[in-house]
Amino acid sequence: MAKKLSNRDQESLKTAFLKWVSEKRQDRLSILITGKTGVGKSRLVNALVGKRVAKEGRAKTACTDTVTSYRTKINGVEVIVWDSPGLQDGTCNEELYFQDMKSKLSEGRFDVMIYCISMAEARFYDADKNAIRTLTNVFGSKLWKSSVVALTFANLKTEDPDGEDDLAYYLGEKYLWGKAILDFLACIGVEFEVRQGIPIVPTGNYKKLKLPECENWLSDLWIKCFNVMSISSGLAFFQISESRLKYADSPTATTSTAAAARSSAVDDGNQNLILEDENQSANNLDAHETIPREIPLNEEQEDGLLKRMWKAFSEFCGAVKNVGHRFLRFFTRRALVTVKCFA
Ligand SMILES: Nc1nc2c(ncn2[C@@H]2O[C@H](COP(=O)(O)OP(=O)(O)OP(=O)(O)O)[C@@H](O)[C@H]2O)c(=O)[nH]1
Ligand SMILES: [Mg+2]
């Protein structure tokens, strides 16, 4: 039966948790986004961090032609986005790009890599295979432990061209892409345990966040990125997204929404943008399209998030008897909720 924690116990647990977070959380987050040219890399990373850090465009020529790192500060965390040039676009030498990137990374690693492949492509071309092989050679196969594969342009695959079964068509495409990528990783020697942990996430555009099988691709991507990160990186990722996360039973006009609205207003003017290269402008053809303000998490997603934090916290401070992971709602929602102990 559930019973209430005393106020004193709640307070000491809160203090211990906050101390743990402040010690554990990184103050810097490195995100690598890569894939062929025009597959929506910049758009995706902007949606993920909630700020128009990378230049997006509809131009037929590549927008990004050198390894560019964008630095910005979000909620006290320094966010570095490594936006690689479009791979195999005829103008680049991937090996040099990746070596260059590796040499610039602190400790030679990033917190999460998002490899983008467009689902609108007819097949898994050699260009992607070569890029994946080179990436793996440069960073080692462990890089896939903290990676997510984004199947961009999934919104273009929601209608069966034969007019028969839209959902079956979409699921079939998703399955075939996932299989092709994972089979290829097996071919180049990425271990089974690593391969099976790589999330394959269909993603779409800003305006239509719903995809078949998924209410909101951005929420899905956010959770998958959080899950593949170390807990220190994950806490930093949570910190930069805190004002955008919205929970299933949150009241409609939350303070989070208001805070996100404020940060988005600043973002539209690019005033917070700290670009490494002053000549790079994030203004572009699509600048009028607003980055999604909220990342709504359903109950299952919120539960997964809390469980992961709770597991790491309780391993650190010793199991907290009779208290479950939902205790952390107290912090994640920034609202007082009844704290229950589970006997
Ligand atoms: N329909 C649809 N359009 C997208 C999607 N992702 C990106 N776009 C559009 O595709 C165009 C290119 O997107 P970018 O994010 O600039 O692509 P990129 O991979 O960063 O391109 P380069 O930096 O030039 O290599 C933009 O006009 C986006 O609006 C998507 O998932 N669905
Ligand atoms: Mg780009």
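Two strands are said to pair if DSSP finds at least two bridges between them. In this predicted model, strand E2 (residues 28–35) and strand E5 run parallel and are joined by five bridges. One pair can be picked out by name: Leu32 has Met113 in E5 as its bridge partner. E5 also pairs with strand E6 (residues 147–152), again in the parallel sense, over six bridges. Here the bridge partner of Cys116 is Ala150 in E6.

How many residues of strand E5 (residues 112–118) are buried? A residue counts as buried if 20 or more other C-beta atoms lie within 10 Å of its own. Six of the seven residues of E5 are buried, so the strand is largely enclosed by the rest of the structure. For the protein as a whole, 37% of the 343 residues count as buried.

These strands belong to a protein with eleven helices and eleven strands. Of the contacts in the protein with a separation of 6 or more, 72% are between residues 24 or more positions apart.

Strand E3 (residues 68–74) and strand E4 (residues 77–83) are antiparallel and joined by seven bridges. Ile74 is placed opposite Val77 in E4. E3 has two faces: Thr68, Tyr70, Thr72 and Ile74 make up the covered one, while Ser69, Arg71 and Lys73 make up the uncovered one. The hairpin has two residues between its strands, and Asn75 takes a positive phi near 50° there.

Most residues other than glycine have a negative phi. Asn75 is a residue other than glycine, yet its phi has a positive value. Asn75 sits in the loop between E3 and E4, and it counts as partly exposed because it has 15 C-beta neighbours inside 10 Å. Glu213 also has a positive phi, near 80°. The place of Glu213 is the loop between strand E7 (200–202) and H7. With 13 other C-beta atoms within 10 Å, Glu213 is partly exposed.

The helices come next. Two packed helices are described by the angle between their axes and the distance between the axes. Helix H3 (residues 94–104) packs on helix H4 (residues 126–139) at an angle of about 35°, and their axes are 9 Å apart. The crossing of these two helices, H3 and H4, is right-handed. On the H3 side the contact is made by Glu94, Glu95, Phe98, Gln99 and Lys102, and on the H4 side by Ala131, Thr134, Leu135, Val138 and Phe139. By class, the residues of the contact of H3 with H4 are five nonpolar, two polar and three charged.

The loop between E5 and H4 holds Arg123. Is Arg123 buried or exposed? Arg123 counts as exposed, because it has 9 C-beta neighbours inside 10 Å. The C-alpha atom of Arg123 is 9.6 Å from that of Leu176, with 53 residues separating the two along the chain.

Helix H10 (residues 299–317) packs with helix H7 (residues 217–228): their axes come within 11 Å and cross at roughly 15°. Angles under 35 degrees count as roughly parallel, and H7 and H10 are therefore roughly parallel to each other. The crossing of H7 and H10 is left-handed. Ser219, Ile223, Phe226 and Asn227 of H7 meet Gln301, Gly304, Leu305 and Arg308 of H10. The contact of H7 with H10 has three nonpolar, four polar and one charged residues.

H10 also packs with helix H1 (residues 7–24), at an angle of about 100° and with the axes 11 Å apart. This angle makes H1 roughly perpendicular to H10. Ala16, Phe17 and Trp20 of H1 make the contact with Phe313, Phe316 and Cys317 of H10. The contact of H1 with H10 has six nonpolar residues, with no polar and no charged ones.

Helix H8 (residues 231–241) is mostly covered, with nine of its eleven residues buried. Among the buried residues of H8 are Ile231, Leu235, Ala236, Phe237, Phe238 and Ile240, and also Ser233, Gly234 and Ser241.

Notes. Residues numbered from 1 in each chain as written. Chains lettered and ligands numbered in written order. Predicted model: local features only at pLDDT ≥ 70, side-chain atom pairs only at ≥ 80, totals over all residues. Helix = DSSP H or I, 4+ residues; strand = E, 2+ residues; numbered from the N terminus. Buried ≥ 20, exposed ≤ 12 C-beta atoms within 10 Å, placed from the backbone. Contact = placed C-beta atoms within 7 Å. Axes fitted to C-alpha atoms, helices over the stretch in contact; angles between N-to-C directions. Left-handed = near helix turned anticlockwise from the far one by under 90°. Nonpolar A, V, L, I, M, F, W, Y, C, P; charged D, E, K, R; others polar. Parallel < 35°, antiparallel > 145°, perpendicular 65-115°, else oblique.
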